[in-house]
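This briefing goes through one protein chain by topic. Please keep the sequence and the 3D view open while reading.

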Amino acid sequence: MVLRFFNRSLSGSVGYFRNKLEGGLANLNDVVPGVSGKGPALIWRNYKEFVSQGVEAELYYTKRFGDWTLTAGGNLSYGYSDATREADVDYPDDLSGLRKIRRVGDMKGLQVIGTFADEADIAASPVQTYGTVYPGDLKYRDRNNDGIIDERDKTEIANIQPSLQYGITLKVKYKNFNLDILGYGLGGFDRMLTNKYYQNFGERKYSNVLRDGLPNGNPHPVLRASTTRNNFEASDYWVVDGGYFKLRNVELGYTLPHHVSKKIGLNVLKVYVRATNLFTISKIKDLDPECLNAGIGDFPLFSTITGGVTFSF
């Protein structure tokens, strides 16, 4: 639906979408009994079904004030996808931790309830099956109350698929000067702090999180010379809000009047200064929230400032 107001100075649109995908490939090991004798040749089938839905909207305002022209606006999109049919076992509630995820982007893990105070605390707690446990290590919730911490105690702890995407635009023109600003952001999702910058153990290089803590406010688990699997098992201890906003592009330019550029044989002559990734707003301060491995295992994402001249004959 397209909207226009105030003599077309204000315009926008709103839309709703719903898409259904059928026939997604799935391995049917979990739903076809092995005693059926069908064998591995028939395990893969077009079995899964997904439904994606959401809304999209944009709104822009343009107005002239004498020598000034202002354009401001933004757009956003909100949506999510669910698996409406999954190759999964119909687990009872006490084994719900073994169920496959239903919402695209969901992550399963354990729930942390604290740390072990001493050996007596370890002895009095449910048995954790992720390696040897020492005082100071993370203690997990026994969700099904069977006295053992294992895969059956895992639940949805995060969703790493952004559900919200938005952008803002501001353009200001005064005579031959122009200022263009573009901002971009993602929201409604989580980041898992599981790379080698945030998880320090063994022979890995230590980072500032040992002093400053994790972006979610949690201190780094106790340091050990050996690899301690228990503390680094997928859990809500390592989850942080992944939302961020970036000032993506800024340009300040000046275009010579046509009667001036014409004298030197040019149709258009423009000088400009451009900047990218000037600043970011996010709970994640020490790394780039757009890519946590940038500068760690991947190429870094740079902030740049450039100048230039464009012309045409």
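A polar contact here is a pair of N or O atoms within 3.5 Å; within protein, one must be able to donate a hydrogen and the other to accept it, and residues adjacent in sequence count only if both atoms are side-chain atoms. By that definition, the side chains of Asp137 and Asn231 make a polar contact, at 3.0 Å. The structure is a predicted model. The points below start with the whole chain and then turn to single residues.

**Whole chain**

- The chain has 3 helices and 18 strands.
- Its radius of gyration is 27 Å, whereas a compact globule of 313 residues would have one near 20 Å.
- The C-alpha trace spans about 85 × 50 × 40 Å along the principal axes of the chain.
- Of the 313 residues, 35% count as buried.
- The accessible surface of the chain is about 18600 Å², and carbon and sulfur atoms account for 56% of that surface.
- Among contacts with a separation of 6 or more, 62% are between residues 24 or more positions apart.

- Asp137 lies in the loop between strand 7 (127-128) and strand 8 (138-140).
- Asp137 counts as buried because its relative accessibility is 0%, and the cut-off for buried is under 20%.
- Leaving out residues up to four places away in sequence, Asp137 touches Gly114, Thr115, Phe116, Thr132, Val222, Arg224, Thr228, Asn230 and Asn231.
- Asn231, the polar partner of Asp137, also has a side-chain polar contact of 3.2 Å with Asn230.

**Asn230 and Thr227, in one loop**

- Asn230 is in the loop between helix 2 and strand 14.
- Thr227 is in the loop between helix 2 (209-212) and strand 14 (239-241).
- Is Asn230 buried or exposed? Asn230 is buried, because its relative accessibility is 0%.
- Thr227, by contrast, counts as exposed because its relative accessibility is 59%, and the cut-off for exposed is over 50%.
- Beyond residues up to four places away in sequence, Asn230 touches Gln128, Tyr130, Val133, Asp137, Leu138 and Tyr140.
- Thr227 and Gly131 are 96 residues apart along the chain, and their C-alpha atoms are separated by 9.5 Å.

**Tyr272 and Thr310, in two strands**

- Tyr272 is in strand 16 (residues 268-276), and Thr310 is in strand 18 (residues 304-312).
- Tyr272 counts as buried at 15% relative accessibility, whereas Thr310 is partly exposed at 33%.
- Among the residues that Tyr272 touches are Thr306, Gly307, Gly308, Val309 and Thr310.
- Tyr272 also touches Glu251, Leu252 and Gly253.
- Thr310 touches Val268, Leu269, Lys270 and Tyr272, not counting residues up to four places away in sequence.
- Tyr272 and Thr255 are 17 residues apart in sequence, and 8.6 Å apart from C-alpha to C-alpha.

**His259**

- Where is His259 found? His259 is found in helix 3 (residues 258-261).
- His259 is exposed, with a relative accessible area of 55%.
- The C-alpha atoms of His259 and Tyr206 are separated by 62 Å, although these residues are 53 residues apart along the chain.

**Positive phi values**

- Most residues other than glycine have a negative phi.
- Asn145, which is not a glycine, has a positive phi of about 55°.
- Asn145 lies in the loop between strand 8 and strand 9 (148-149), and is exposed with a relative accessible area of 66%.
- Lys175, also a residue other than glycine, has a positive phi near 55°.
- Lys175 lies in the loop between strand 11 (164-174) and strand 12 (177-187), and counts as partly exposed at 48% relative accessibility.

Notes
Residues are numbered from 1 along each chain as its sequence is written. This is a predicted model: local features need pLDDT of at least 70, side-chain atom pairs count only at pLDDT 80 or more; totals for chains, interfaces and linings use all residues. Side-chain values use heavy atoms; hydrogens and water are left out. Helices (H or I, at least four residues) and strands (E, at least two) are DSSP runs, numbered from the N terminus. Buried means under 20% relative accessible area, exposed over 50%, partly exposed in between (1.4 Å probe, protein chains only). Contact means heavy atoms within 4.5 Å. The radius of gyration is taken over C-alpha atoms; the globule rule is 2.2 Å times the number of residues to the power 0.38. Accessible areas come from the Shrake-Rupley method with a 1.4 Å probe; for residues, only the protein chains shown count as cover.
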